[in-house]
Amino acid sequence: MKLFATYHPSVLLVYFIGVIGITMFTMNPLLLLISFLGAFGFAIQLENKQIVFASFAFYIPMFFLISVTNPLFSHNGVTPLFFLNDQPVTLEAMLYGAAIGGMIVSVMYWCRCYNLIMTSDKFIYLFGKVIPKLSLVISMAIRFVPLFIKQIKHISTVQKTMGIYATKSIVDRVLSGFRIFSAMITWSLENAVDTAASMRARGYGLSGRTNFSLFRFTLRDGIMLSVILALLITALIGNNMGVLDYSFYPRMSRIQISPLAIITYITLLTLLFIPFVVEVEENRKWNYYISKI
Amino acid sequence: MVHNIEPYLEHKKDREGKVFGYLIILVAIPLIIAIGVSLFNDRKYNLISILIAFLSCIPFFLSFEKRNPKPTEMILIAVMTAISVVGRFIFAPIPGFKPVTAITVITAIYFGPQAGFLTGSLSAVVSNILFGQGPWTPFQMFVWGFLGFIAGLLAKNGWLEKKWQLAIYGIIAGVAFSLMMDIWTVLSMDGNFNLLRYQAAVLSSLPFMAVYAVSNVIFLLVLTKPIGKKLERVKKKYGLN
């Protein structure tokens, strides 16, 4: 378990919505770079380094594809590089494409981290309060998936032992596939009715029943949530004062370097690197304690 | 085709709630889109579209919460969702070939539009817990839910009973799914709607569109009758009604 994952699910949800929202909202290249580095650094802390770098090799072609193809769809900009079918291919359109590519890759990495941190139990816990019935449906469906896969394997083994559809021909395999699927559906429907009867017998839906959950909102969560919200609000104020404004068309604007802009960038840098710093600090502590043993 | 499983899932009290639900769907969604278009008159449609897609699902969710569904009903939706997710999982090696739409449509035929919407949108949520969530999740939630909802409405009015009607709906659903997901592709890249890029996206996703349509038709034709029979059988065996 990573340290950042131990924060209360509501803190994590606010954080991820905040950073993914910021990344998708902005077209400012500096901010996109910060966001990408934050997400990539966090991903490296969460996963095996080799896996993360391998995924990066997958995103690089996507990044270049988007930046190269954007000029084909957009002819704005004042710096033509060359003409294709009498249409200008502009530097601005290409760099705009690069910014979009960077944005998409950053969002992908944030979502990757989200998938590792926000496990389904946290998701159900958060939404269980707002939509209790649907959360139960979702949590049952999540549980049914491995159960059904296990059942499919059972049925398939039995069928093979009985010697039904055991040849290697494709027709046989497809037919046995449908037969197994059909048996699985029958079984799962009966299983469902049994479960429902059991739920009724145990008094599901009666008033006065309480829920168990492992998550407690502690002081530590409160501090983290306040820090995240304070940084988000500061960044939002900066954005509303226009210090983050950046446009590619008709010509690329400059990145502002007023004191206010610098404060806003530092705010965002802090916000986007929180998980990375939390994990690095935890690793440092861990190695320090290990060295003491 | 059997339609009499539906009554035990629908209670008289819910009528008002349902009318309210339809109103939200038919009035609120266009309103949200209109607000999005007029207020955010810049290039932030990627964010707005996710918001709209997500908000569009909320009336369905809330009307389900409010009418206090029975445990049997909740579990049947969970089972149908899990079946479509397992199907997507089994057929994952063949890109685009997935039974999610077909299972959603079948659920909608037997349990009504609301159950259809829920199965479709929850299939998106649950299968993306396994396949990875992304900004496209709300879009898939809405598109699959919408396809289930429409199928439920059609089935209520006596459509989708014959095989050719199912096949046509399967084709339309496959094309619609592809066209609507292409809208997301364009919005996520451009921030606003670039017609030229949309044409390119549609063109490059034509093979997928074909696979979606073909797989929908196959799954609908093969699965609708057997699953209907099974539902009937379970109902008889356990004396549900």
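Me: What percentage of the 241 residues in chain B is buried?

Reply: This is a predicted model: local features need pLDDT of at least 70, side-chain atom pairs count only at pLDDT 80 or more, and totals for chains, interfaces and linings use all residues. Residues are numbered from 1 along each chain as its sequence is written, chains are lettered from A and ligands numbered from 1 in the order in which they are written, and side-chain values use heavy atoms, with hydrogens and water left out. Buried means under 20% relative accessible area, exposed means over 50%, and partly exposed is in between (1.4 Å probe, protein chains only). In chain B, the buried share is 58%.

Me: How many helices does chain B have?

Reply: Helices (H or I, at least four residues) and strands (E, at least two) are DSSP runs, numbered from the N terminus. Read chain B from its N terminus and the elements run α-α-α-α-α-α-α-α-α-α. Chain B has zero strands, and its helix count is 10.

Me: Where in chain B is B:Leu160, and is B:Leu160 buried or exposed?

Reply: Most residues other than glycine have a negative phi. The phi of B:Leu160 is positive, near 60 degrees. This residue sits in the loop between α7 (137–156) and α8 (163–190) of chain B. Its relative accessible area is 1%, so B:Leu160 is buried.

Me: Which residues of chain A lose the most area to chain B?

Reply: Contact means heavy atoms within 4.5 Å, and 50 residues of chain A are in contact with 54 residues of chain B. Buried area is the accessible area (1.4 Å probe) that two parts lose on being put together, summed over both. The two chains bury about 4800 Å² between them, with 78% of it on carbon and sulfur atoms. Together making up 14% of what the chain A side buries, the residues that lose the most are A:Phe73, A:Lys133 and A:Leu189.

Me: Which residue of chain B meets A:Glu190 in a salt bridge?

Reply: A salt bridge is a side-chain nitrogen of Lys or Arg within 4 Å of a carboxyl oxygen of Asp or Glu. Between chain A and chain B the count is two. In one of them, at 2.9 Å from N to O, the partner of A:Glu190 is B:Lys237.

Me: Which helix gives the most to the side of chain A that touches chain B?

Reply: Several helices each supply at least two residues of that side, including α1 (9–25), α3 (49–73) and α6 (132–161) of chain A. With 15 residues, the helix that gives the most is α7(A).

Me: How many residues on the side of chain A that touches chain B are nonpolar?

Reply: Ala, Val, Leu, Ile, Met, Phe, Trp, Tyr, Cys and Pro count as nonpolar, Asp, Glu, Lys and Arg as charged, and the others, Gly among them, as polar. Nine residues of that side are polar and four are charged, while the nonpolar number is 37.

Me: Which residues of chain B does A:Met24 touch?

Reply: A:Met24 lies in helix α1 of chain A and counts as buried, at 5% relative accessibility. Its C-alpha atom is 9.0 Å from that of A:Ser106, 82 residues apart along the chain. Leaving out residues up to four places away in sequence, A:Met24 touches A:Met103 and A:Val107, and in chain B it touches B:Asn46, B:Leu47, B:Ile50, B:Pro135 and B:Trp184.

Me: How many residues apart in sequence are the parts tied together by A:Phe40 and A:Phe56?

Reply: Rings of Phe, Tyr and Trp (its six-membered ring) pair if their centres lie within 6.5 Å; planes under 30 degrees apart count as stacked, over 60 as edge-to-face and the rest as tilted. The structure holds 32 aromatic pairs over all chains. A:Phe40 and A:Phe56 form a tilted one, 5.2 Å centre to centre with 55 degrees between the planes. A:Phe40 is in helix α2 (residues 29–46) of chain A and A:Phe56 in helix α3, so the separation of the parts they tie together, in residues, is 16.

Me: Which backbone oxygen does the side chain of A:Ser55 reach?

Reply: A:Ser55 is in helix α3 of chain A and counts as buried, at 10% relative accessibility. Not counting residues up to four places away in sequence, A:Ser55 touches A:Tyr109 and A:Arg112. At 2.5 Å, its side chain reaches the backbone oxygen of A:Val52.

Terms used. A polar contact is a pair of N or O atoms within 3.5 Å; within protein, one must be able to donate a hydrogen and the other to accept it, and residues adjacent in sequence count only if both atoms are side-chain atoms.
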